[in-house]
Structure formats: C-alpha cells, structure tokens
Amino acid sequence: MIVAAAVLLLEVSPDAAVSAAGAPPQAESASEQSLAIIVNLSNPVDNLSLQDLRTVFLGERSHWPNGRRITLVMLEPGQPERKAVLRTIYHMNESDFSRHFLQGLFTGEVFVSPKTLANPVGVRKFVFNVPGAIGYVRAADVDGTVKVIRVDSHLPDDKDYSLRIQAHPAK
Amino acid sequence: MQFRTFAPIRPQRVPAGQTIVRPALLLLLGVLWNTPPLRAQQVGNASADTDKQTIQTLLQRIERLEARVTQLEAARQTSTQPQAAGVSPTQAPALSTSSVEAEPRPEQEAEHTEPERMDMSKTLLRMRGFGDIAFHGSNQAGSTTSFSLGQLNLFVTSDISEKFKFLGEIVFEGGPDNIYGLTGGEINKFSVDLERYLLQYSHNDYFNLSVGRYHTAIGFYNTAYHHSTWFQTTTGRPLLFEFEDRGGLLPIHNVGVSATGRIPSGFLGLHYIAEIGNGRSSRTPLVTEPVQNEIDENTHKAFNLALFARPTAVQGLQLGFSAYRDRLTPLASPSVGETILAAHAVYQVPNFEWLNEALLIRHSPLGTARVFDTPAFYTQLSKRFGSYRPYFRYQYINASSSEPIFPDVRLRAGPSVGLRYDASEAVALKLQYDYTALRQQPATNALTLQLGFTF
C-alpha cells in the first residue's frame, strides 16, 4: 500500500509541478478576455464559421475533414470560459446543455458526450494528446502545444472576434 | 540477487525534471523491498511470484510515468519557446499549421497507424435511467382511478472503440399489452422488453450504420423521444406514435439495418435515413410480440427512407418526410401491402416548441381493388416560463371501421392541455387533461398527474 501511495503521489506531482510553474501570468489585457478555440496541432482545420463551430459543439458533426472523430472537451460548470461558450455558441444554460447531450446520446445522434476537465491546463493537455479534440481556453492560456483556429476568419486578438468572456457576467 | 528485478530500468540520460523524482522512487522501493514484512513474503514460492508480478507492474507504471514526465517537460519547453521569442499566443496557428504539415509528432503518428481496437482499460458500460409514476383517472367504462408505475428504462451505451458503439434500452413495464386491440399479458405484472439493441458504426458525418433493433424513422417523434416520458413535454406520446403493445398503429420498432448521415447541401442541412428490416407482424390473433425480433412472417423486407432538413438560417427548425413500405401476411386472409407516408415540420428551441406531424397509412389487400387510407396528425405547442411549461396538443386519427389490420382504432380526436413543472434538472411534474372523441362511442375525459425523472 505504501508503494502504491508513493506511485500515486508521483503520478500527481508532475502535473502539479507543471500547473504551478507552467501557468502563464495573468496579465490584464484585451485579448485575455477573448476565448480561443483550440484544436490538436495535427488538425488541418484553420477556420470555422460561428455556425459551423456551433454544429461541432452541439455534437451535430462527428468527424473532422481528416477523418478523425471530434472529441469535445469542456471546462467544468461555473467557470467563466464555460459560461461564455454556453452563452455565445450554445445559446443555452447549463440545464439545457445537459439535456441536449443526454437527448443526443439517447437518440443516437450524438456519438460521444463531451469530456469535462477541471482547468485550462488540463484542456490544453487533452487537446495536445487527442488528435480529434477541440476545446477552449482564454487566449492568454494558449501555448504552442495546441492550435488556435479562427472563428469567422478572426483570431482572438482581432477587434471583430466574437467569442469573449464577460468581464462582469450578468447575474 | 533480489535487485536483479530492477534490471529493466536501463541507465539513461535523465531529464532535468526527473533527477529528483526517479532516484527517490527507486530508493523508496529499495527500502520497502528490504523491510521485514516484505522479505517474509519471499519464503514461499507463490509469494515470491506475486512480489515479482507486483514489482513488474510497478516498474511498468514507473516507465509510463517517466514517459509522461518527459512529455510534460517537452510541453513546457515548447510553451516557453514562443513566449521567449516574443510570439503572442494568437500567432500560434500559423506556426503550428506549418509544423504539422512538415512532420507529425511521433506519438500522434503512432496513433494514426494504430488499428481500430477496443480499449480494455476503460470502463465501457454507461447506464442512465428514466422512469415515471402517475396518478390518473378517466370516465372510460371500466376505468378506475389508479396510481401506476410507468416504464422503467435503463439506457445503456458503450464506446467499444473510436468507430463502434453499443446502444440499448432495457425497459421494465407493467401489463397488460394491447396489440391490435387484443389484450394480452397479466394485469399489474411487470415484464422486460429489450426496446433498442443496436451496434452502431460511425464512419464519418455522411455514413453511419446501425444494426439491431431500432426505432423506425417514421416522422419525427418516434426517433426523438423513444422510451422516456421525462424527455417529453407531455405525459405521453401522441396516439399515432403509441407503441405497438399499447395499441399503436405504426411499426414503431424494427429489427434490421439503418444507415444515416448528412447530405452535402450547405445551408439546407439535409440528412438521410435508409432502413431495411423485418417490419411489423400482422398475424392475428397476436398475443405475444408484434416486433419480429427473430423470425419474419414473410421474406419481404420493410423499407423506410427518410429525408430531413435543418436549415442553418433558422436554428431549431426541422422539416422532413419519410416513406415506409412493407407487406403484411395475416393468417387466413390475403397479404396486405402497407405504405406509410409521413411529413413533419418541427421548431424546437429551449424555450419554445411547435411540433407538427401528418401521416397517411395505406393498407391495400393484394388481389383486391380496395384501399384503406388512415390519415392522422397532431400538433403540439409549448412555451417555457422559468420552470413552468404550459402546453397544448391536438391529435386526430381516422381509420375505417373495416380496416383490415387495426379495426379497433376508428376515430380518435381531441385536445390535450397540460402544465409541466421542472422541479429540478432531473425531475418533472406534469398535469394533463385529455379529451378524446370516438366514433359511435361516448367521448372520454382523462386527467393524469405524472412524475417523470431521470437518474
């Protein structure tokens, strides 16, 4: 049991080390409040319209053009990034979101339900490791391990970029 | 001698991040290995084998962890390089696109070449339950006011691999059955039905194949709600989509093959569904299962083709039609050709829904000139106000009294009004009043209070 505990501790420690040391500083800037849509580096897609992005996030599309199955990764409920995605892409609240995917799985239209991860580092790592993954993080949390795709031909620091996190979300 | 076990760990260059972790772990394992309790376990050969296996497992795990540390270190270095070079995060796409085109990462390349296989380390089976409990009464002759347990539905899915998935609905429901107007089974006794049983293959967006028992894609409702009252706004399905063993008209279930997918059509958002299966049994008197799970009563297969559009301009709108064709062979009477044409226009967004469906069921006994047409439709409207959702539905079925397959149906028409209250994300309370006009019989009034839930 002690050995097992030691191994478990070891398993946790690299992640903890990276999250502590690898997290970029939270600088206040305009682009920090933008939400970057990220995919795996091997994904050939560079740009999606907001409508196409919506169909991908709704699970209505199951494969990328390269044949890889789309795996959607979401942050846990309550996080500002997730709230922004529900508001701007889904036009749903948490309850509607849950129901949508439950019903999609029930009817068979949605092949795989979204993965849920606790923090942006986890999302980045997941997208880095899974060729068909798509997720979102703050633009300030993006690094070179993932690829940011354009939405309606705009990148997160463009003025007309549509996916932004509300500074003061409405209660 | 004992440390030979550690031989698989080869001396190698240790990345900077691992210099402390790996020796510490080896030291810890060494200390633990030499402690009396562990040494005592080596007395017996069986214990020694167990220890070796444990150590081998741990070593394999260490190797995996080392590989992960290396990967994370690489990720950190990669993440710091662009920032050091003054590249903003949003400039990453251009860099990444070119690097990918030049050379894919080894681990990803390995995944690309990996054959389709089942991941044995995953827990494959997922289960979701649906149920409902109701209190209802009506003025129908012989009816009593009763509490009743609705269907208990265990919805099971399993991701077998990236391309294959299993989907099943195991339903426990009380009797008796009502098939073509004939009552069978025992009152108050529950039985188990395997309502859906599908192996699904997802090739791409344009081609998906399902084999097994499915809900026939006639119209919209049948494939949208299946066996869960909690999903439905109302307390039950429209009469024309009632299940076969509850007096329904349609071949709701089918056993066979179903192909589905998108049709490249831009803003129209076209989809197709093509099905071939055993169809519905028509043999009378029918006291068991109307769905032909194992043996078809004839070699003629049932075909169904459905097309629907989800225009991108109007989110939530779906327009579609379907055509179903089968041949029924009742005992002691000529075969009957069955054609079912259906059309639907549905608008559904979280706060509002308007469902409209119309069907024509045509039965044509072979060798005669007679044709029996049964028109049917329903319209359903609801709007959500917070946790409350009032709704209205009007439905109509008009079958001939001499209809060869379901002579008991005749005319059924009338409105339903109700209120759904979502007490939580998973529990809904519904109160519904139904008025149904019947041909040559008194109309019925019914009131139902239902608690639907998912778990």
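This is a predicted model: local features need pLDDT of at least 70, side-chain atom pairs count only at pLDDT 80 or more; totals for chains, interfaces and linings use all residues.
Helix α4 of chain A covers residues 94–107, which makes 14 residues, and the distance from its first C-alpha to its last is 20 Å, close to the 20 Å expected at 1.5 Å a residue. Its buried residues are F97(A), L102(A), L105(A) and F106(A), and, viewed down the helix axis, they fall within an arc of 165°, so they line one face of α4(A). As background, an α-helix has 3.6 residues a turn, so residues three or four places apart point the same way. The cover over these buried residues of α4(A) includes α3 (80–90) of chain A and, from the other chain, β3 (152–159) of chain B. The residue that follows α4(A) is G108(A), and its phi is positive, near 95°.

Turning now to the sheet, chain A has an open one of 6 strands with mixed pairing, in the order β2-β6-β1-β5-β3-β4. The edges are held by β2 (47–48) and β4 (115–117) of chain A, and each has a single partner strand, so one side of each is left without a neighbour in the sheet. Elsewhere in that order, β1 (residues 35–39) and β5 (residues 133–138) of chain A pair in the antiparallel sense over 5 bridges, with V39(A) standing opposite I134(A) in β5(A).

Finally, helix α5 of chain A, residues 120–129, lies across β1, β3 (71–75), β4 and β5 of chain A, and runs at about 150° to β5(A).

Technical notes
Residues are numbered from 1 along each chain as its sequence is written. Chains are lettered from A and ligands numbered from 1 in the order in which they are written. Two strands pair if DSSP finds at least two bridges between them. Helices (H or I, at least four residues) and strands (E, at least two) are DSSP runs, numbered from the N terminus. Two residues are in contact if their C-beta atoms, placed from the backbone, lie within 7 Å. Axes are lines fitted to C-alpha atoms, for helices over the stretch in contact, and angles run from 0 to 180 degrees between N-to-C directions. The expected span of a helix is 1.5 Å times one less than its number of residues. A residue is buried if 20 or more other C-beta atoms lie within 10 Å of its own, exposed if 12 or fewer, and partly exposed in between; C-beta atoms are placed from the backbone. The arc is that of the directions from the helix axis to the C-beta atoms.
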